[in-house]
Amino acid sequence: MSRIRRSILYMPGDSLRKITKATQLTVDCIVMDLEDGVALSQKEEARKVVAQAFDELDFGNRERLIRVNPPDSPFHQRDLEETIHVQPDGYVLPKVESAQDLTTVCDYLTKVEEERGWPKQQIRLLALIETARGVVHLPEIVQATKRLDALMFGAEDLAGSIGAKRSKEGWEVFYARSAVVTAAA
């Protein structure tokens, strides 16, 4: 199913109060963040709060996404395992650098959908391109899985990845931003 994403609101996954507030705003998509928006000491709690939000809150017709930690993070797999039961509309995968980053998650989701009798390919993936390696591997990333629903661009992390200083004009990320748009098309 194709979604309109005019507005995407990120909420820290460890704050039920903030997630609740987000459900009262006119946004198309709410991303409950388990990555940068959550301190290392709060990762476990954030997973519980996100699950609680799915159980208790009415999101209306808003898309419900969970941003997990990067594939190379020690938190990544637990993020998936401890939130999959809520059947989010999708997962936002940060710092995607290869097709394998997506296919590994896709394989896990397919296995869970089959085990639980859920509709196939129901849980979507959104890939955040935030590193030089991710930009270089865009042709493979966009063809990795039919589950991939969107590419997103992380200018701040990309600038850090290439050692660039951010400027008002943004020329330091212009090529990468253009590459993401072209690959998405």
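**Notebook: sheet and salt bridges**

I began with strand 2 (residues 29-33) and strand 3 (residues 63-67), which pair in the parallel sense over 5 bridges. Pairing requires at least two DSSP bridges between two strands. Strands are DSSP runs (E, at least two residues) and helices likewise (H or I, at least four), numbered from the N terminus. Across this pair, Met 32 stands opposite Ile 66 in strand 3.

The model is predicted: local features need pLDDT of at least 70, side-chain atom pairs count only at pLDDT 80 or more, and totals for chains, interfaces and linings use all residues. Residues are numbered from 1 along each chain as its sequence is written, and side-chain values use heavy atoms, without hydrogens and water.

Then I turned to salt bridges (a side-chain nitrogen of Lys or Arg within 4 Å of a carboxyl oxygen of Asp or Glu). The count comes to 19. One of them joins Lys 95 and Glu 35 at 2.9 Å, N to O. Lys 95 sits in the loop between strand 4 (90-93) and helix 4 (99-116), Glu 35 in the loop between strand 2 and helix 2 (43-56), 60 residues apart.

I checked accessibility too (buried is under 20% relative accessible area, exposed over 50%, partly exposed in between; 1.4 Å probe, protein chains only). Lys 95 is partly exposed at 24%, whereas Glu 35 is buried at 4%.
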